[in-house]
Amino acid sequence: MELDKMDENDWKYHGEGNKSLVVSHVQVSRLAEQAFRQIQNIVDFSSNVMSSLLGEKFIHSGEVVKLPLEFVRQLSIKVQHQRPAWRCDKVMDIYSGCALCLPNLTSPALHQPTHTPPLCIEIKPKCGFLPSSKHVSKDIKTKVCRFCMHQHYKVANGKWKRRSLYCPLDLFSGNRQRMHFAIRHLIEEPQNNFKIFKGGQCIYSSKEGSDDSLDLNSLLHHLRPYFMYGNNRINSHMTGKAVLNDFIQVLVNALLSGGGGDGGVVMDRQGEGRSFCEASHFNRERIRHGSQGLPSDSVLFRILQTQMLDTLDIEGLHPLYRRVEQHLQDFPKERTRLQIDGPYNEAFLEKLQKCPTEDDGSVEYAVAKVHQYRVAMTAKDCSIMVALVPSTEEEEDDEGPPAFSYSVSILDLDPKPFDSIPRQLRLDQRIVSCYLRTGGSLPKGSLPPLPGGIFAAAEREDCTLLFHPV
Ligand SMILES: O=P(O)(O)O[C@@H]1[C@@H](OP(=O)(O)O)[C@H](OP(=O)(O)O)[C@H](O)[C@H](OP(=O)(O)O)[C@H]1OP(=O)(O)O
Ligand SMILES: Nc1ncnc2c1ncn2[C@@H]1O[C@H](COP(=O)(O)OP(=O)(O)OP(=O)(O)O)[C@@H](O)[C@H]1O
């Protein structure tokens, strides 16, 4: 602070105690107010908008809390060395003195400390459908899903070293075999789509930009005790492949459940047919059971329905964004009435839910479609946290597979800014043109051999265990 430039008008009375009179800088307090508003917007968006679309039972919106500035400053110094290098261009805001307080979803309350620690699995599933909008200009977008195309772009740009063979359309299919296959590929190449926590500690994840290979043996070491049952428990013999299969099975069950309690089991039966991605390595001929679809109370169903509020695709949405942008240039004060940056309240939800089906040329229609699109974007970028808590020994059946109680939550429900839409269009164009340049010759249908893959290692381990049981 330069002393000769200090102006008393920049300062205002803040309060006083017995010994101190506190004044604050107007600009700093304005910034603090802005930061508070921004976090409150996240809470409002999550609790008033996303919660109603995704289901209250999955959402923990948290609350804005004020923190002493010195505490935040010390905290930022303390955690700095643990932050990944590639995130360090983002500076932690240490001046606003506010933060979002959330329950720790990797340490669920249903866990009793004396028992085996809970396992929490975080999945960022990304977009689970193919666009069918008439505005889509490139046929490939109706055949190959965005995630699979994006993989080529990410590898070409060095974000990841290897391509993930995970396909969201398999995960969202509701077909157990396809879901199993999808999760297998999340384990194989987790990127930023898959993490496992044990007792609150991350025990399995990818490191961005790193060549470090994933340690399947270490993962198996962590998982094995959770899946020992019947004879396996007595002779400690359980193959790595069997452990992973059981683990995936439990995860699929949790994803298809109603999120912990019982609930409706109405299936989205039409769902599966419209949603095969041509780049998926799942072999359709391997399907033993017909279309099962997603139960309507499952977390995946709710996320998919919300993602599908993007009915026009970015190509159809962009002209409507331009209409709103033009209107705001002509009438800047309309920004508030149209709730472009919130508040995210019931009126906002109503705007997007009551959107007319046909474009009447109005700015109201365009705004409602933009709101819908932004909500869909949030649902395409959120994560699911599945907490698995092993049953106590008394509850467990000695012979049967291990039982878990589980809770399912959705996290990362930030509103996507209005201004992010032009970036979406540019990214879409880049992804598609990169895919058309590099990905056209993708193998289709069957799973290719994965010589260095970790599942190959788990399968090889079968043999090792057969000859050298431990
Ligand atoms: O655009 P996408 O699909 O790459 O999604 C972005 C994510 O990249 P991903 O492909 O999941 O690795 C990206 O994830 P990472 O930071 O790469 O882990 C963010 O979630 C980003 O959201 P925001 O702009 O930070 O609010 C996401 O951006 P939005 O498009 O949701 O704004
Ligand atoms: N309530 C929570 N409990 C436990 N872990 C959490 C919680 N919220 C976030 N995390 C962890 O922190 C990570 C980052 O959080 P989050 O995804 O909300 O950040 P973001 O900056 O919005 O991410 P993105 O880049 O995906 O937009 C999550 O992937 C998750 O592992």
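**A loop and its setting**

Author: Glutamine 339 is placed in the loop between α11 and α12; helices (H or I, at least four residues) and strands (E, at least two) are DSSP runs numbered from the N terminus. The model is predicted, so local features need pLDDT of at least 70 and side-chain atom pairs count only at pLDDT 80 or more, whereas totals for chains, interfaces and linings use all residues. Residues are numbered from 1 along each chain as its sequence is written, and chains are lettered from A and ligands numbered from 1 in the order in which they are written.

Phi of glutamine 339 is near 55 degrees, a positive value in a residue other than glycine. The residue counts as partly exposed because it has 16 C-beta neighbours inside 10 Å; with C-beta atoms placed from the backbone, 20 or more others within 10 Å make a residue buried, 12 or fewer exposed, and counts in between partly exposed. The loop between α11 (334–337) and α12 (346–353) also holds proline 343. The peptide bond from glycine 342 to proline 343 is cis, with omega near 0 degrees.

Lysine 126 lies in the loop between β5 (119–123) and α3 (146–156). This lysine is buried, with 22 other C-beta atoms within 10 Å.

In α6 (residues 216–223), the buried residues are Leu216, Leu219, Leu220 and Leu223. Viewed down the axis of α6, these fall within an arc of 100 degrees, so they line one face of the helix; the arc is that of the directions from the helix axis to the C-beta atoms. Helix α2 (residues 69–80), by contrast, is hardly covered, with 0 buried residues among its 12.

For the protein as a whole, there are 15 helices and 9 strands, and buried residues make up 33% of the 470 residues. The protein is divided into domain 1 (22–101) and domain 2 (119–467), with bounds from an automatic or database domain assignment. Their contact takes 18 residues from domain 1 and 22 residues from domain 2, two residues being in contact if their C-beta atoms, placed from the backbone, lie within 7 Å.
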